[in-house]
Amino acid sequence: MAIGVLALSAGLLVAGCSGIPPPAPSGSPAGPLTLAGSPSAATATTSNEPGSTGPAPSADLAKLVGPWQAGGLPLGDAQIAVISDACATAAREQLGEAEANLPTTLVDARGGGVATAILADDPRAIECLARIDGSGAAHVDGVIRLAQSATGPAENSTIAITSLLTADDVDGGRTLTIGRVGSNAPRVDVTLADGTSVVATNADGWFSAWWPGQPRVTAIRAVDAGGAVVATIPPPAGEVDGRLGAASWWLDPTEPNPTEDTVTIHALVLEEACASGKAPDGRIEPPMMDFSETAVTVTIGIRPVPGNQDCQGNEPYPLTFELDEPLAGRTLFDGGEVPPRDASKPPVG
């Protein structure tokens with residue numbers, strides 16, 4: 001069942017994604033937003049045209065749930081906030097407080113009743129997939145962590161793909177891509193084998209787009225404000241998956257218990273995704289760490305094995321990692337569960 005249901009307003013003032021409001025704090029209600037009868041103009045906006053500024057309407061509901069468009073639809077502050085709040089609510093329930101409090105970098109909506117949001121603060125980032133129904137409500141289908149190794153900031157005029165994956169959440173299926181782009185390229189164009197040109201939504205060093213079906217990508221280009229191509233990604237050979245699969249970890253019982261001065265942690269990690277029995281060696285991302293006066297919460301993610309995998313079960317894998325500061329008597333927690341689990345014991349079941 002979808003979670004994070006909020007009302008999505010149409011006909012509101014447009015603002016660039018760099019001005020996205022932060023997610024609502026935990027427990028704060030998001031009041032219903034009334035759907036306007038027609039879009040209104042804003043005094044300034046960003047668009048998918050290089051160097052374009054000036055008045056533009058925010059997307060109305062008919063376009064958000066209507067046919068797919070090759071360019072991203074302009075969204076008003078309140079429209080973005082509704083999707084952002086829904087994604088933050090889902091992240092809080094599924095991933096934890098640190099992910100729920102990430103700022104929203106961009107929201108890509110281009111029809112079909114779907115939207116993609118990126119919530120990020122380097123090096124932590126998540127992808128949120130949402131649906132917009134005919135009543136104007138936003139429903140979050142899923143939130144997932146993105147791998148540090150796939151989300152590093154792009155330099156100046158460079159461009160890189162984080163994910164290029166197919167999904168079946170619209171009739172006929174679709175292909176989604178997200179990635180990083182340098183500050184010198186305010187536009188990202190995707191060319192498909194059938195000749196279609198798709199303009200990605202681009203904000204704060206990230207881009208996102210989707211298109212119907214599974215046509216092959218022939219090029220992804222970064223374009224500067226003058227319309228010149230400054231970088232090109234060759235056609236990927238297949239899917240690119242920058243997402244992180246869930247994993248649990250706990251202290252290795254064969255090693256001495258941590259002390260006040262402990263920095264080196266000896267752990268056992270259990271991959272929860274199907275992996276055909278393959279060990280996660282080489283697929284484990286650097287741990288994410290959150291420190292408080294009483295706790296050190298460590299979250300470990302594992303990049304999935306490409307392609308379809310059998311679910312024959314995985315064995316615990318030994319992993320040694322370094323804390324950013326001494327443990328100093330604080331309790332170690334596994335941030336892969338919500339709420340975090342005491343890492344001195346293995347997960348139940």
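## Second largest pocket

Strand E4 (124-132), strand E5 (137-145), strand E6 (159-167) and strand E7 (174-181) each contribute at least two residues to the lining of the second largest pocket; strands are DSSP runs (E, at least two residues), numbered from the N terminus. The structure is a predicted model, in which local features need pLDDT of at least 70 and side-chain atom pairs count only at pLDDT 80 or more, while totals for chains, interfaces and linings use all residues. Residues are numbered from 1 along each chain as its sequence is written, and side-chain values use heavy atoms, with hydrogens and water left out.

This pocket has a volume of about 620 Å³. Of its 26 lining residues, the closest to its centre are Leu-165, Glu-239, Asp-241, Arg-243 and Pro-304. The lining comprises 13 nonpolar, 7 polar and 6 charged residues. Here Ala, Val, Leu, Ile, Met, Phe, Trp, Tyr, Cys and Pro count as nonpolar, Asp, Glu, Lys and Arg as charged, and the others, Gly among them, as polar.

## The cavity

A search of the whole structure finds 1 cavity of 30 Å³ or more. On a 1 Å grid over the protein atoms alone, a cavity is a set of points where a 1.4 Å probe fits but cannot get out, whereas a pocket is an open set with protein on both sides within 12 Å along at least five of seven lines; lining residues have an atom within 4 Å of a point. Grid points are joined across faces, edges and corners, and a volume is the space filled by probe spheres set on the points.

The largest cavity has a volume of about 100 Å³. It is lined by 14 residues, of which Arg-145, Leu-146, Gln-148, Leu-244 and Met-288 are the closest to its centre. This lining divides into 7 nonpolar, 3 polar and 4 charged residues.

## Salt bridges

The whole structure holds 14 salt bridges, each a side-chain nitrogen of Lys or Arg within 4 Å of a carboxyl oxygen of Asp or Glu. Arg-243 and Asp-241, both among the residues closest to the centre of the second largest pocket, form one of them (2.8 Å, N to O). Arg-243 is partly exposed at 29% relative accessibility, and Asp-241 is partly exposed at 22%. Buried means under 20% relative accessible area, exposed over 50%, and partly exposed in between (1.4 Å probe, protein chains only).

Arg-341 pairs with Asp-334, their closest N and O atoms being 2.6 Å apart. Arg-341 is buried at 12%, and Asp-334 is buried at 0%.

Note on methods: Helix = DSSP H or I, 4+ residues; strand = E, 2+ residues; numbered from the N terminus.
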